[in-house]
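Student: Pick one part of this model and take me through it up close, please. I'd like every cut-off spelled out as you go.

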Amino acid sequence: MKNVILFCFLLVCSSSFYAQEASSIIIKEKKEKLAIEKKKIDQEAKDKVLTAAEKKKKLADEAKVKKVAADKKKNELSAAAKKEVKTKKEAATNMSANKAQIAKDNALAKATATKEKASATKDKVTGTYNGHKVYTGPKGGKYYINKNGNKTYLDKK
């Protein structure tokens with residue numbers, strides 16, 4: 001009987017060795033799976049970090065593009081404003097020159113109109129005075145038209 005107990009004891013001990021081996025293999029496999037999963041998670045984290053970095057870089061690039069576009073538009077507006085100011089200055093210069101010409105033309109037209117009005121009056125030409133025609137008005141006054149187109153009255157002497 002001692003042999004049977006000893007045999008059973010050896011059997012139990014030997015199976016426990018195998019059980020430990022099996023459990024150590026399972027633990028080893030689980031550790032490997034955990035290591036693989038950890039590597040996957042680390043890789044995904046790196047990818048997310050890279051993706052975030054890439055997004056940040058893209059946003060920075062877009063910001064640069066927008067800034068360049070804004071600067072370009074600002075320069076265009078500045079150039080347009082300068083051109084408009086220049087055009088307005090030229091227009092003002094031309095306008096003042098035109099006003100002077102208009103004033104000159106108006107004075108000439110007024111003088112001509114005065115001469116025509118004086119000659120259009122129904123006054124009679126009665127002679128000459130210093131190379132000008134002398135007119136006699138309806139009340140008997142004598143005058144001539146000077147170079148400015150105005151009537152210059154003569155004394156009755």
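Tutor: Start at the ring of Tyr143: the charged end of Lys151 sits over this ring, 4.8 Å from its centre. That label needs NZ of Lys or CZ of Arg within 6 Å of the ring centre and within 35 degrees of the ring normal. Keep in mind that this is a predicted model, where local features need pLDDT of at least 70 and side-chain atom pairs count only at pLDDT 80 or more, while totals for chains, interfaces and linings use all residues. Residues are numbered from 1 along each chain as its sequence is written, and side-chain values use heavy atoms, with hydrogens and water left out.

Now for the rings themselves. The count comes to 3 aromatic pairs, where rings of Phe, Tyr and Trp (its six-membered ring) pair if their centres lie within 6.5 Å, with planes under 30 degrees apart called stacked, over 60 edge-to-face and the rest tilted. One of them joins Tyr129 and Tyr144: the centres are 5.5 Å apart and the planes sit at 40 degrees, so this pair is tilted. It ties together distant parts of the chain, with Tyr129 in strand S1 (residues 124-129) and Tyr144 in strand S3 (residues 142-145), 15 residues apart. Strands here are DSSP runs of E, at least two residues long, and helices are runs of H or I, at least four, numbered from the N terminus. Tyr129 is partly exposed at 37% relative accessible area, whereas Tyr144, at 14%, is buried. Buried means under 20%, exposed over 50% and partly exposed in between, using a 1.4 Å probe and protein chains only.

Back to Tyr143, which pairs with Tyr135: that pair is stacked, 5.6 Å centre to centre with 25 degrees between the planes. Both Tyr135 and Tyr143 are buried.

For contrast, look at charge against charge. There is 1 salt bridge by count, meaning a side-chain nitrogen of Lys or Arg within 4 Å of a carboxyl oxygen of Asp or Glu. Glu84 makes it with Lys88, and the closest N and O atoms are 3.4 Å apart. Glu84 and Lys88 are 4 residues apart in helix H1, so about one helical turn separates them. Glu84 is partly exposed at 45%, and Lys88, at 54%, is exposed.
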